[in-house]
Amino acid sequence: MSDLSAPGFPEEEVRRRARAGAAEAFPPPGEYGRVLFGAEPGGGRQPDGERDPLDALRIVPPVFMPQRLARLIDLGREPDYRDVELATEIGGFSSTMPVYVSALGSTRAAGGDLGLALSRQAGALGLPMVIGENVVPVNGYGRLGEAADRALLGRLRAYAGELPDGQGGVAVQQSTEDADAEVWNLVYSDPAARPLLESGRLAFELKLGQGAKPGLGGMTVLDAEAAARLGDRYGLDEVFGDGRVLRSSTPGTFTAEILRQQIRLMRNNFPRARVWVKLHPGRDVAEAARVAAEAGADAVTVDGAEGGTGWAPGVFPAQVGLPLAECLRRLGAAGAPPCLLVSGRIWEGGRAVKSLALGARAVGLGRAALLAAAEDPQAGLIRFAECLALEIRLLVSALGKYAPTALDREDVWSRDFPGIPVTG
């Protein structure tokens with residue numbers, strides 16, 4: 001090897017690419033299913049030394065609090081944080097708090113016992129849950145002898161088995177390959193889903209993109225045996241050179257009119273199911289959200305660039321897509337849809353309350369939900385949600401308000417963030 005060097009240049013990264021070739025565009029394949037990437041503060045997307053703009057916002061309680069006075073009169077006593085009502089309507093579902101579990105698809109990290117543990121706890125909490133794309137094409141539906149812990153039906157049963165009456169709901173996501181497998185038809189006609197359907201707690205989510213890799217479809221790593229089994233359904237690429245294969249879904253093709261027609265078809269073909277639409281953090285995210293809402297979507301979900309489990313070409317989490325704060329700014333400026341759901345490194349009450357103040361109806365837990373369930377498969381997510389609920393109650397109460405829907409843009413402040421009023 002030459003002793004040539006380049007101080008100040010990413011020399012080692014270049015050398016790794018020279019040694020490994022195309023495989024170096026991705027995280028190490030041995031870490032697939034064990035490491036959740038893309039979760040650094042700011043997702044590596046901000047210039048050096050600059051904070052994520054959502055984290056940089058301050059929550060700013062007023063001195064005069066007319067809503068606290070109204071609550072005092074209503075209760076006949078001084079209110080406190082325990083009087084904050086967190087129950088929220090999310091995409092046609094009743095949730096115990098303004099939180100849902102984000103889409104977790106066929107990725108190995110969400111499969112097996114961990115996926116079932118997460119589903120059971122989300123159900124027990126009464127939180128809406130999204131079952132992500134590619135579960136059926138990759139792992140099966142669950143009625144033909146497929147492994148129950150990885151199949152879609154296993155997650156559905158685990159969730160519904162713990163769900164309180166009248167709470168929560170399941171949104172089943174569909175991508176191009178899922179459509180080929182007729183996933184929505186399978187669920188809509190399945191007796192196991194009938195209680196959810198008849199109680200208005202079943203939704204279908206049309207996926208246009210995701211935060212981890214805007215503009216691309218889902219990606220996972222397969223061993224040779226699985227690649228041989230799935231080769232007729234997905235694009236396969238032997239980029240790793242060690243027998244493992246990159247599996248890629250197609251992202252689908254959309255225009256405003258295609259999206260309108262898809263939503264109309266969903267309402268026509270599945271009239272008893274709610275309609276959700278999932279968007280990646282694209283530059284026209286506000287226009288896409290408007291089209292979806294006007295076409296009749298019950299909820300519009302937006303991943304910030306911080307969202308997703310992060311299995312993607314390394315350049316995508318680092319450099320592609322709008323951060324969640326910018327998505328919220330653009331959506332707010334254009335008039336956010338009535339039920340806007342957002343995700344992107346949500347794990348504590350401050351980031352959640354800021355998102356709600358900027359126009360979101362609810363926030364999604366992805367990595368945080370997986371980690372909490374992994375910490376304790378029996379009650380980790382339940383205890384995590386209890387802590388998050390307390391933080392949200394404390395912050396909302398500090399603003400002199402007693403429901404998340406009462407939050408607005410005056411409740412946050414930044415000197416530098418465009419579109420946020422300077423209130424002091």
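Two strands count as paired if DSSP finds at least two bridges between them, and strands (E, at least two residues) as well as helices (H or I, at least four) are DSSP runs numbered from the N terminus. This is a predicted model, so local features need pLDDT of at least 70, side-chain atom pairs count only at pLDDT 80 or more, and totals for chains, interfaces and linings use all residues. Residues are numbered from 1 along each chain as its sequence is written, and side-chain values use heavy atoms, with hydrogens and water left out.

**View 1. The three-stranded open sheet.** Strand E8 and strand E10 (residues 245-248) run antiparallel and are joined by four bridges. One spot to look at is Thr220, which sits opposite Arg247 in E10. The open sheet has the order E8-E10-E9, with antiparallel pairing. Its edges are strand E8 (219-222) and strand E9 (235-237), each pairing on one side only. From one strand to the next, the twist averages 30° (axes are lines fitted to C-alpha atoms, and angles run from 0 to 180 degrees between N-to-C directions).

**View 2. The eight-stranded barrel.** Here the strands close up in the order E4-E5-E6-E7-E11-E12-E13-E14, and the pairing is parallel. Neighbouring strands of this sheet are turned by 25° against each other on average, direction ignored. Zoom in on strand E5 (residues 129-131) and strand E6 (residues 170-174): they run parallel, with three bridges between them. Val130 has Ala171 as its bridge partner in E6.

View 3. Asp303 and Lys278 form a salt bridge, their closest N and O atoms being 3.5 Å apart (the criterion is a side-chain nitrogen of Lys or Arg within 4 Å of a carboxyl oxygen of Asp or Glu). Asp303 belongs to strand E12 (residues 299-303) and Lys278 to strand E11 (residues 274-279), 25 residues apart. Both Asp303 and Lys278 are buried (buried is under 20% relative accessible area, exposed over 50%, partly exposed in between, with a 1.4 Å probe and protein chains only).

**View 4. Glu89 meets Arg361.** These two side chains make a salt bridge at 2.9 Å, N to O. Glu89 lies in strand E2 and Arg361 in the loop between helix H15 (349-357) and strand E14 (362-365), so the pair ties together parts that are 272 residues apart in sequence. Glu89 is partly exposed at 37% relative accessible area, and Arg361 is partly exposed at 21%.

View 5. Asp411 and Lys401 form a salt bridge with closest N and O atoms 2.8 Å apart. Both residues sit in the loop between helix H17 (380-398) and strand E15 (412-413), 10 residues apart, and both are buried. Elsewhere, Asp52, Asp55, Glu306, Arg345 and Arg351 are linked in a network of salt bridges. The whole structure has 22 salt bridges.

View 6. Tyr81, Leu390 and Leu394 make a nonpolar patch of about 250 Å² (patch residues have over 30% relative accessible area and no salt bridge; like charges are joined within 9 Å, nonpolar side chains, meaning Val, Leu, Ile, Met, Phe, Trp and Tyr, within 5 Å). Tyr81 is found in the loop between helix H3 (66-75) and strand E2 (88-90). At 33% relative accessibility, Tyr81 counts as partly exposed.

How values were computed
Accessible areas come from the Shrake-Rupley method with a 1.4 Å probe; for residues, only the protein chains shown count as cover.
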